[in-house]
Amino acid sequence: DINNNGDMWRDFTHVDDITQGVMLAGALGKKQDYQIGSDKAYSIIEICELLSCKPEMISSSRANRLDSIVDNTAIKELGWVEEYNIEAHLKYFMQNK
């Protein structure tokens, strides 16, 4: 089920990229806050389309955020680079499932 017509935006990030960012922040970080996330945000409906799913749309909840996008400037200053692209990863997954 998808609410709010799938118009919520997220910067989906591969767990290996998150792990690399956490390790980098732990080793070199001097700040209190490092946000780790993809440079590109996708709507929930876009992800659903990449997965070829046919969701049922349901009413939105006031608890849902419309977007959850991070500012990864600080972690990039430490040398972090996103290695995995969710769109390419999902296309590969769908072709090889």
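**Chatting through the fold**

User: Among contacts in the protein chain between residues at least 6 apart in sequence, how many join residues at least 24 apart?
Analyst: 92% of them. Contact here means heavy atoms within 4.5 Å.

User: What kind of model is this, and how are residues numbered?
Analyst: It's a predicted model, where local features need pLDDT of at least 70 and side-chain atom pairs count only at pLDDT 80 or more, while totals for chains, interfaces and linings use all residues. Numbering runs from 1 along each chain as its sequence is written, and side-chain values use heavy atoms, with hydrogens and water left out.

User: OK, how many helices and strands are in the protein chain?
Analyst: Four helices and five strands, in the pattern β-β-α-β-α-β-β-α-α along the sequence. These are DSSP runs numbered from the N terminus: helices are H or I of at least four residues, and strands are E of at least two. The C-alpha trace spans about 45 × 35 × 15 Å along its principal axes.

User: What share of the residues is buried?
Analyst: 28% of the 97 residues. Buried means under 20% relative accessible area, exposed means over 50%, and partly exposed is in between (1.4 Å probe, protein chains only).

User: Switching to cysteines: which ones does a disulfide join?
Analyst: Cys48 and Cys53, with S to S at 1.9 Å. The count is one disulfide, taken as a pair of cysteine sulfur atoms within 2.5 Å.

User: Is Cys48 buried or exposed?
Analyst: Buried, at 5% relative accessibility.

User: What's up with phi of Ser52?
Analyst: It's near 55 degrees, a positive value in a residue other than glycine. Most residues other than glycine have a negative phi. Ser52 sits in the loop between helix H2 (44–50) and strand S4 (57–58), and is exposed with a relative accessible area of 56%.

User: And Ser43, what does that touch?
Analyst: Not counting residues up to four places away in sequence, Ser43 touches Gly6, Met8 and Trp9. Ser43 lies in strand S3 (residues 42–43) and is buried at 4% relative accessibility.

User: Where does Asn64 lie?
Analyst: In the loop between S4 and strand S5 (67–68). Leaving aside neighbours within four places in sequence, Asn64 is in contact with Asn3 and Met8. At 31% relative accessibility, Asn64 is partly exposed.

User: Now charges. How many salt bridges does the count come to?
Analyst: Four. A salt bridge is a side-chain nitrogen of Lys or Arg within 4 Å of a carboxyl oxygen of Asp or Glu. One of them pairs Lys76 with Asp39, with the closest N and O atoms 2.8 Å apart. Lys76 is in helix H3 (residues 73–77) and Asp39 is in the loop between helix H1 (15–28) and S3, so the pair ties together parts that are 37 residues apart in sequence.

User: Which side chain does Lys40 meet in a salt bridge?
Analyst: That of Glu87, at 3.8 Å, N to O. This pair links distant parts of the chain, as Lys40 is in the loop between H1 and S3 and Glu87 is in helix H4 (residues 86–95), 47 residues apart.

User: And what about Glu87 and Lys91?
Analyst: They form a salt bridge too, with the closest N and O atoms 3.4 Å apart. Glu87 and Lys91 are four residues apart in helix H4, so about one helical turn separates them. Salt bridges that share partners join Lys40, Glu87 and Lys91 into one network.
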